[in-house]
Amino acid sequence: VQALVQSCFPGKEICSRIAPDMVVAMGTAIQGNTLVGAKMNAADASKETIAVPVTPKDIYLGDPATGAALVIPEGTSLPCDHGVSIALSEPSQTTAEIKIYEGEPAVENEPVAVLWLEGIEDGPIHVSIQVDEEGTMEIHAKDASGTARHNISVGGSEA
């Protein structure tokens, strides 16, 4: 990696006194600063704190007792939009219960949202979870044909 970096900056010597993790953190802070439109130079970057909203917990789809799939990992920058496709358990299935959980998948964990998708004509089912900067989740579920749809919103204080 150092050789690759050196090839990008001919005639300059690479500073190896700084830990690579610190370089990445500093670059991330500067890039985040650029994205929010603030004016800051590298010397000021270590003096300023930029708050980036993130998901406080993992967001899972499924049932902890029978199996849950991670959809959005903890610490994902907000806003975000992640989706997953789930297969039907049987070819003639016309309804499906979709449970959304926050935190560690555990049998005693209560879902933050439950959707019933009815009138399924064709699988798989696609579930999209959007989380805004306030933590509000918009959950959209539909079958492959698009005829069965269900949307729900879960407020930021609950999410």
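Trainee: Where does Gly-103 lie?
Mentor: Helices (H or I, at least four residues) and strands (E, at least two) are DSSP runs, numbered from the N terminus. The model is predicted, so local features need pLDDT of at least 70 and side-chain atom pairs pLDDT 80 or more, while totals for chains, interfaces and linings use all residues. Residues are numbered from 1 along each chain as its sequence is written, and side-chain values use heavy atoms, without hydrogens and water. With β4 at 95-102 and β5 at 113-118, Gly-103 lies in the loop between β4 and β5.

Trainee: Is Gly-103 buried or exposed?
Mentor: Buried means under 20% relative accessible area, exposed over 50%, and partly exposed in between, with a 1.4 Å probe and protein chains only. Gly-103 has 13% relative accessibility, so Gly-103 counts as buried.

Trainee: Which residues is Gly-103 in contact with, leaving aside its neighbours within four places in sequence?
Mentor: Contact means heavy atoms within 4.5 Å. With those neighbours left aside, the residues are Lys-57, Asp-58, Tyr-60 and Asn-109.

Trainee: Which residues form the uncovered face of β5?
Mentor: In a regular strand the side chains alternate between the two faces of the sheet. In β5 the covered face holds Ala-113, Leu-115 and Leu-117. The uncovered face is Val-114, Trp-116 and Glu-118.
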